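Trainee: Hi, could we go through this one together? I'd like to start with a term.
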Amino acid sequence: MNIDWTALGEVTAVSIGVTFAVVVVFALGVLGLARHEGAKEQGGTSAVGAAQAGLCFLACVAVVAYGIYLIVPQFH
């Protein structure tokens, strides 16, 4: 049995990189949501914070949905 270690290493590197990127984008979404809520507590609104949160969370959903699409063969 011959294992292609290079392919395994590439898959591992890509999965770790994508996981790290999704965590960073999600954290930026939480930061935007906190910015929006902080402005709301002070009597104002933060459209930038709400937009940041919405875009970051939407990006996370898109990445997860694409991953599910790649994994589940019925979607192809």
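Predicted model: local features only at pLDDT ≥ 70, side-chain atom pairs only at ≥ 80, totals over all residues.

Trainee: Okay, so which residues are buried in H1?
Mentor: Gly 29, Gly 32, His 36 and Ala 39 are the buried ones in H1.

Trainee: Let's switch to the helix itself. How far apart are the end C-alpha atoms of H1?
Mentor: They are 54 Å apart. H1 runs over residues 5–41, and its 37 residues should span 54 Å at 1.5 Å a residue, so the two values agree.

Trainee: What happens just after H1?
Mentor: Gly 43 takes a positive phi there, of about 90°.

Trainee: Now the whole chain. How many helices and strands are there?
Mentor: The protein chain has two helices and zero strands.

Trainee: What about its radius of gyration?
Mentor: The chain has 18 Å, whereas a compact globule of 76 residues would be near 11 Å. Along the principal axes, the C-alpha trace spans about 65 × 25 × 15 Å.

Trainee: What share of the residues is buried?
Mentor: Buried residues come to 13% of the 76. The chain exposes about 5,900 Å², with carbon and sulfur atoms supplying 74% of that area.

Technical notes: Residues numbered from 1 in each chain as written. Heavy atoms only, no water. Helix = DSSP H or I, 4+ residues; strand = E, 2+ residues; numbered from the N terminus. Rg over C-alpha atoms; globule rule 2.2 N^0.38 Å. Buried < 20%, exposed > 50% of the residue type's maximum accessible area, 1.4 Å probe, protein only. Areas by Shrake-Rupley, 256 points an atom, 1.4 Å probe, with all protein chains shown as cover. Expected span 1.5 Å × (residues − 1).
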